[in-house]
Amino acid sequence: MRYLIISDLHANVDAFSAVLARVRRKRFDRIVVLGDLVGYGGAPNRTVDLVRTLAGNPVVIRGNHDKVASGLDAGQDFNATARLAASWTERRLTPANLRYVRELAQGPTILEAGLWICHGSPLDEDQYLLSSFD
């Protein structure tokens with residue numbers, strides 16, 4: 001099974017488009033998006049629209065920035081810049097894209113036997129893994 005694994009897009013539609021162009025002729029059995037579609041970057045709607053149009057029924061789970069930018073979490077653990085970006089994003093997402101981001105599945109999610117996907121850690125989507133011990 002060949003997977004295209006994408007994560008932490010953070011509304012950077014230019015970088016995301018470059019990745020999609022680079023892999024356009026490659027074959028994947030499944031596309032997996034590990035969250036943080038939005039946050040920081042200036043093109044949240046275009047980025048979410050691209051994710052929504054990915055071929056082959058991709059598996060998409062939410063990240064901590066998706067959760068805060070869609071109003072599911074206040075972002076009390078975010079630094080000031082991340083909170084500001086999430087607030088800005090929430091005000092700019094179209095109603096349909098806000099609903100899409102808000103309804104993203106929480107990980108971990110079982111992709112197939114023995115393969116789980118998550119954003120953050122398998123125990124907490126908000127947990128940063130900063131060392132090999134983590």
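A residue is called buried here when its relative accessible area is under 20%, exposed when that area is over 50%, and partly exposed in between (1.4 Å probe, protein chains only). By this scale D36 is buried, with a relative accessibility of 2%. D36 sits in the loop between β2 and α2 and has a positive phi of about 60°, although it is not a glycine. The loop between β2 and α2 also holds Y40, where phi is again positive, near 80°, in a residue other than glycine. Y40 is partly exposed, with a relative accessible area of 44%.

The structure is a predicted model, in which local features need pLDDT of at least 70, side-chain atom pairs count only at pLDDT 80 or more, and totals for chains, interfaces and linings use all residues. Residues are numbered from 1 along each chain as its sequence is written, and side-chain values use heavy atoms, with hydrogens and water left out. Helices (H or I, at least four residues) and strands (E, at least two) are DSSP runs, numbered from the N terminus.

The strands come next. Two strands are taken to pair if DSSP finds at least two bridges between them. Three strands make up an open sheet, in the order β1-β2-β3, with parallel pairing. Because β1 (3-6) and β3 stand at the edges with a single partner strand each, one side of each is left without a neighbour in the sheet. Strand β2 (residues 30-33) pairs with β3 in the parallel sense over two bridges, and V33 stands opposite V60 in β3. Strand β4 (residues 109-112), by contrast, pairs with β5 in the antiparallel sense over three bridges. Here T109 stands opposite I117 in β5. The hairpin of β4 and β5 has two residues between the strands, and G114 in this hairpin takes a positive phi near 80°. In the loop between α5 and β4 lies P108; the peptide bond from G107 to P108 is cis, with omega near 0°.

Turning to the helices, α2 (residues 44-52) packs with α5 (residues 95-102) at an angle of about 65°, and their axes are 10 Å apart. Axes are lines fitted to C-alpha atoms, for helices over the stretch in contact, and angles run from 0 to 180 degrees between N-to-C directions. The crossing of α2 past α5 is left-handed, a term used if the near helix is turned anticlockwise from the far one by less than a right angle (right-handed if clockwise). From α2, the residues N45, V48, D49, V51 and R52 meet A96, N97, Y100 and V101 of α5, where contact means heavy atoms within 4.5 Å. By class, this contact of α2 with α5 has five nonpolar, two polar and two charged residues. In this scheme Ala, Val, Leu, Ile, Met, Phe, Trp, Tyr, Cys and Pro count as nonpolar, Asp, Glu, Lys and Arg as charged, and the others, Gly among them, as polar.

Side chains of opposite charge can pair when their charged atoms come close. The structure holds three salt bridges, each defined as a side-chain nitrogen of Lys or Arg within 4 Å of a carboxyl oxygen of Asp or Glu. R62, K67, E125 and D126 are linked in a network of these salt bridges. In one of them, the side chains of R62 and E125 meet at 2.8 Å, N to O. This pair links distant parts of the chain, with R62 in the loop between β3 (59-60) and α3 (64-69) and E125 in the segment after β5 (115-117), 63 residues apart. Both R62 and E125 are buried, the relative accessible area of E125 being 6%. E125 also meets K67 in a salt bridge (3.1 Å, N to O), linking the segment after β5 to helix α3 across 58 residues. K67 is buried too, with a relative accessible area of 10%. D126 forms a salt bridge with K67 as well, the closest N and O atoms being 2.8 Å apart. Since D126 lies in the segment after β5 and K67 in helix α3, the pair ties together parts that are 59 residues apart in sequence. D126 is partly exposed, at a relative accessible area of 27%.

The segment after β5 also contains P122, which is exposed, with a relative accessible area of 52%. P122 and M1 are 121 residues apart in sequence and 22 Å apart in space, C-alpha to C-alpha.
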